[in-house]
Amino acid sequence: MFQTIDDYLDSLSPEQRSGLQSLREVIAQADSTLEECITYNIPAFRKGKAVVGFGAAKKHLSMYPMSHQVFVEFEDELKSFVTTKGTIQFSQTHPIPPELVSRIVAFRIAENQRNSK
């Protein structure tokens with residue numbers, strides 16, 4: 001079990017660590033009030049509730065939007081990525097554009113706020 005995002009990143013290869021560290025920075029810049037955490041043993045950010053997570057697999061990196069609605073809302077922009085029910089897969093050479101990550105984060109924060117009313 002990982003205690004911090006740094007613990008998680010320290011367990012990865014340098015290439016995986018670099019790709020996820022870049023994503024971490026973009027997420028943190030998208031909303032400075034987000035809090036880093038570990039949920040389901042993966043790095044994540046929360047604002048009350050979990051907003052997004054990320055992780056490394058053997059052959060790709062993943063962003064976990066933690067909402068199916070993200071895949072509907074951003075369908076056209078995600079076409080160049082492999083997606084599964086819960087992940088957006090990317091690589092160091094084909095990262096998710098920072099602007100898209102920021103918009104996904106904003107969408108998730110607004111979705112969590114709507115759902116908590």
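View 1. At 30% relative accessibility, Arg46 counts as partly exposed (buried is under 20% relative accessible area, exposed over 50%, partly exposed in between; 1.4 Å probe, protein chains only). Glu35, at 42%, is also partly exposed. Their side chains meet in a salt bridge, 3.0 Å from N to O (a Lys or Arg side-chain nitrogen within 4 Å of an Asp or Glu carboxyl oxygen). Arg46 lies in strand β2 and Glu35 in strand β1, so the pair ties together parts eleven residues apart in sequence (strands are DSSP runs of E, at least two residues; helices are runs of H or I, at least four; both are numbered from the N terminus). This is a predicted model: local features need pLDDT of at least 70, side-chain atom pairs count only at pLDDT 80 or more, and totals for chains, interfaces and linings use all residues. Residues are numbered from 1 along each chain as its sequence is written, and side-chain values use heavy atoms, leaving out hydrogens and water.

**View 2. Lys47 meets Asp31.** The closest N and O atoms of this salt bridge are 3.1 Å apart. Lys47 sits in β2, Asp31 in the loop between α2 and β1, 16 residues apart. Asp31 is buried at 16%; Lys47 is partly exposed at 35%. Beyond neighbours within four places in sequence, Asp31 contacts Lys47 and Ile109 (heavy atoms within 4.5 Å).

**View 3. β1 pairs with β2.** The pairing is antiparallel, over five bridges (DSSP must find at least two bridges). Thr39 stands opposite Ile42 in β2.
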